[in-house]
Amino acid sequence: MLDRLLKLDRRWIFLCIAVATALPLIFPFSLVRVEVTDPTRGIFDTIDTLPAGSVILFSNDYDPGSAAELRPMTLAILRHAFHRKQRVVVMTLWPGGLALTQDILQQMTVEFPHLRKNEDWAFLGYNAGQQAAIANMVRNLTETYPKDRDGMDTASLPILVKADGRKIESLKDFAYVVSISAGDPGLEQWVIYGQGESGCLLGGGSTAVSITQYLSYFQAKQMNGLLGGLRGGAEYERLLKDKYGTEVKNAEGKGSVGVQVLSVDHFLIIAFILFSNVIYFASKLRTAASTGAER
Amino acid sequence: MTVRRLCLLALCLVALPSRSLPQSPPPAPAGVAAFDTPNDKGESVSVTWNPVAGEKENSVVYEVRISDRAEGPFTKAAEVKAGEGWKDEAPDLFWYFDSNKGVHHARIDPSEALPPTEKAKLQKVNEAIKEAGRPGGDASLIPGLNQEQRELEESIGQENRQIRGRAHYYQIVAKTKDGEAASPPVAATAGGNYFNTVKTPHLLLTLFLCGGIIGFIIVARRGKELFLRKIPGLAALDEAIGRATEMGKPLYYLTGRLGLSDNEKSVSTIAAMIVLGKVAERVATYDCALKVPHTDPVVAGVCQEMTRESYIRAGRPDAFKEDINPYISTDQFSYTAAVTAMISREKPAAIMYFGYYYAESLLLAETGNSVGAIQVGATDADHQLPFFFAACDYTLIGEELYAAAAYVSREPILLGTLRGQDLGKGFLILVAIVGALSATAVALGPETFGPLHYFVDFFKTPFAG
Amino acid sequence: MLFLKRQLPLFLTFLFGMTVMVCYYVPNRASDEVSGEILKWLEVMLAVALILGATVLVVVHGEQILKQKAGWAYSLIVIGSILAGVALGLWENGKEYTEEAELTSFGWFYFYLYIPLNATMFALLAFFIASAAFRAFRARTLAAFCLLATAIIILFGQAPLGAWLWEKLYHATGDRIPTMADITGFMQQVLVVAGKRGILIGVSLGVIATSLRVIIGLERGYLGGDK
């Protein structure tokens with residue numbers, strides 16, 4: 001029996017995880033509030049203090065695989081920036097992120113109907129250059145993106161003119177650079193080739209599994225804020241809701257719901273680990289006892 | 001009485017000027033110097049000056065002014081408040097030297113000196129773009145932006161470069177509410193540099209590391225025996241190949257998810273390919289089936305050639321099959337789905353994950369585990385190491401991936417490289433220990449251990465930008 | 001032929017490797033323009049790699065179909081999907097939405113086929129992590145126990161429910177124990193980051209060494225074959 005439990009068919013585990021994930025999504029609940037961490041507050045405070053009209057570069061570097069984890073934070077940051085009347089230039093370094101980003105922008109234009117395309121937001125589209133694209137943007141933005149997603153000359157986009165009349169020519173001219181990334185090219189390349197070379201103010205978000213990879217950049221002040229996975233999104237949503245309440249539409253989004261699922265799943269996995277160890281030690285004790293009896 | 005009156009009068013006379021001091025303009029800033037900013041690409045001129053006495057009490061504001069003529073007129077290029085804008089705040093340009101302390105600094109882009117008329121034109125262009133910018137194709141069709149404005153807009157970049165390359169005059173004006181005083185103008189020209197001195201520690205470290213590696217390669221080539229500690233994961237390589245041969249099942253070898261030039265991590269793909277060459281040779285010797293599914297078409301092509309040569313070297317060209325290196329897909333999860341399906345169907349006896357991995361690591365390794373394969377994971381993707389630990393029998397951590405090729409082949413070039421790396425690592429450990437102790441000592445006793453900060457600053461400066 | 005296959009690639013590798021290295025240390029407009037130009041070429045070559053990938057995929061699967069090798073029907077699906085995606089993309093000018101914010105056929109293809117397939121594969125991770133944790137996190141040795149204890153603490157602390165429960169315990173003990181944020185923060189930002197930095201230094205040295213061998217032509221394996 002113990003041996004069978006030790007080699008439990010993994011499909012039972014899969015079933016438990018499926019049920020534990022689906023139930024909180026079907027019957028959402030709000031068990032506890034998520035505590036906000038300093039790296040999250042870093043991005044929130046930056047966007048909250050940037051003057052209206054500041055131009056932010058937002059790189060949406062992920063594809064649908066990670067959307068469940070990263071989309072809540074993307075939406076929360078964009079909602080915050082647009083609510084604060086900042087202007088956002090959006091791009092992606094992932095081919096699979098092109099339509100996803102378009103969809104997010106579509107949602108933003110519905111939530112913020114006053115937004116004017118190419119003035120309050122612009123979508124530069126996808127660039128296949130990976131880290132070379134970032135390195136090139138440090139030198140010249142319009143050479144890297146000569147045309148935007150709609151085929152319009154990037155140089156003529158009104159959003160690339162700052163409030164003081166000066167043109168945004170390269171990465172350092174943006175008030176803030178944010179990359180939400182699920183891997184490479186992503187946050188790490190933005191730190192090495194973008195922030196490292198231009199000195200621009202950089203913040204970002206990543207999947208929870210990669211968060212420790214980027215914490216060293218946050219500690220070294222190469223990034224001033226960092227959001228980690230679904231929880232990061234939930235933390236940002238909480239900050240948004242605490243400060244602006246109902247002023248921001250959908251401030252409490254899928255991050256806040258998702259993080260409850262996370263609670264249930266985490267506890268289930270802890271239960272599995274403990275269960276597995278109990279069986280393991282029980283089987284070891286039994287083996288020791290039977291060996292002793294034989295002697 | 002007369003004496004007291006006289007004393008009072010004297011006191012008044014002494015006190016009067018001191019009371020009237022705040023109402024007089026501040027003194028002109030002294031020690032003004034303008035020079036090409038070191039270590040930049042010729043984009044700016046640096047202006048430094050000594051603070052005027054009592055700058056904070058009198059709320060002095062400094063204006064850096066620029067002109068293309070010594071006699072002016074001067075235009076404001078920057079403003080520095082009292083207590084701000086210090087030279088030692090820009091170690092990426094000037095290092096953290098003591099002589100930089102207590103000196104004000106402003107970095108000026110001389111293209112600021114654009115004639116006012118040109119500036120006004122530029123402003124107009126920007127306004128026209130702002131009003132006219134709508135999606136719809138060619139920007140030349142944007143109404144309100146005439147040809148002249150467009151040409152001017154395009155020429156601004158060119159003009160800025162020309163302006164930066166000319167000599168300009170700079171002066172510092174100290175301002176208080178009571179007036180202002182200007183320093184005599186000083187001339188400077190922005191220009192490029194031939195060496196970024198701040199990167200000296202970088203260069204020295206690079207030369208040291210490269211020198212060490214090349215030195216040890218030479219030593220190894222001369223036939224000196226270099227000791228290599230045992231790496232359990234690689235020691236299991238023969239066991240895995242033997243098991244696959246016995247069971248009549250294939251051995252899977254994956255080179256990671258990156259191509260040859262995707263990013264700075266692509267070097268791990270090269271390391272994985274080098275090991276593949278050696279593994280393929282042994283596989284050919286044992287007459288075991290090999291499969292190397294690829295996510296990058298270039299890597300697939302190169303590996304095809306490498307495995308072919310390995311089979312030839314093993315004396316088994318007949319055993320080489322064209323479908324050893326199938327190209328699956330560049331897309332992450334298409335590749336993962338296809339490879340997990342192949343693993344489920346063919347149930348390989350051993351799977352080796354070398355190179356750089358992302359989220360697919362656990363999906364692949366768990367599937368491999370479920371079919372009972374011996375698994376060796378070797379990656380420098382530190383974020384995926386926990387998954388390989390959980391699902392693989394052996395895991396090579398980080399740099400062991402690079403050591404693997406040397407371990408498997410015992411080639412002098414690779415062994416020498418490894419020893420060179422060890423030298424570099426030893427040096428870095430030493431620097432980290434001495435640096436940490438120095439920084440702590442300086443923090444605890446700046447009086448006694450002050451000079452130690454030069455050591456810390458030397459290694460800190462290149463990363464100050 | 002040997003010149004094209006060996007000498008020229010090695011020469012180009014050396015030339016561009018050294019040029020980029022020199023440009024890194026030389027701060028002036030000329031070096032900036034040279035490195036910028038090289039970066040532009042790299043961008044173009046990376047974009048070409050995408051086309052190459054698609055071409056190779058069509059060639060490989062086309063061959064499977066023509067020779068009717070085992071599983072050729074799957075190859076047919078692959079080629080059909082590629083052609084459908086490309087055709088819809090061209091038809092709709094690469095747009096997912098119309099001007100009226102309605103989904104185009106290309107958008108439909110992306111949102112209702114690509115997204116679910118991609119997300120499903122990624123979502124499998126949750127199941128696999130649970131089964132791997134069940135099997136791997138057993139306290140067989142002291143090191144395995146440390147791994148297990150760390151995993152439980154992080155899992156507990158990262159879940160809002162765990163943090164909330166710990167907070168209750170924290171207050172119940174009269175604030176005498178560290179907060180969960182302190183514990184997970186210490187683990188993630190001190191222990192983990194320190195370990196990762198160590199690994200990173202080792203990896204970087206390996207990267208430098210391999211790159212050096214590639215640049216100076218001692219490493220030729222990546223050109224296909226060792227000799």
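Mentor: Let us begin with an interface: 68 residues of chain B are in contact (heavy atoms within 4.5 Å) with 54 residues of chain C. This is a predicted model, in which local features need pLDDT of at least 70 and side-chain atom pairs count only at pLDDT 80 or more, while totals for chains, interfaces and linings use all residues. Residues are numbered from 1 along each chain as its sequence is written, chains are lettered from A and ligands numbered from 1 in the order in which they are written, and side-chain values use heavy atoms, with hydrogens and water left out.

Trainee: How much area do chain B and chain C bury between them?

Mentor: Buried area is the accessible area (1.4 Å probe) that two parts lose on being put together, summed over both. Here it is about 5,100 Å², with 70% on carbon and sulfur atoms. On the side of chain B, the residues that lose the most area to chain C are B:Lys41, B:Tyr327 and B:Phe333, together 12% of what that side buries.

Trainee: How many salt bridges are counted between chain B and chain C?

Mentor: A salt bridge requires a side-chain nitrogen of Lys or Arg within 4 Å of a carboxyl oxygen of Asp or Glu. The count between these chains is three. In one of them, B:Lys41 meets C:Asp32 at 3.2 Å, N to O.

Trainee: Which way do the residues of strand 2 of chain B point, and are they buried or exposed?

Mentor: Strands (E, at least two residues) are DSSP runs, as are helices (H or I, at least four), numbered from the N terminus. Buried means under 20% relative accessible area, exposed over 50%, and partly exposed in between (1.4 Å probe, protein chains only). B:Val45, B:Val47 and B:Trp49 point one way, B:Ser46 and B:Thr48 the other, and all are buried. Since five of the five residues of strand 2 (residues 45–49) are buried, the strand is largely enclosed by the rest of the structure.

Trainee: Which strands pair with strand 2 of chain B?

Mentor: Two strands pair if DSSP finds at least two bridges between them. Strand 1 (residues 33–36) of chain B pairs with strand 2 in the antiparallel sense over four bridges, and five bridges join strand 2 to strand 5 (residues 104–108), also antiparallel. B:Thr48 stands opposite B:Ala33 and opposite B:His105 in strand 5.

Trainee: Where is A:Lys85 found?

Mentor: A:Lys85 lies in the loop between helix 4 (64–83) and strand 2 (87–92) of chain A. Its phi is near 60 degrees, a positive value in a residue other than glycine.
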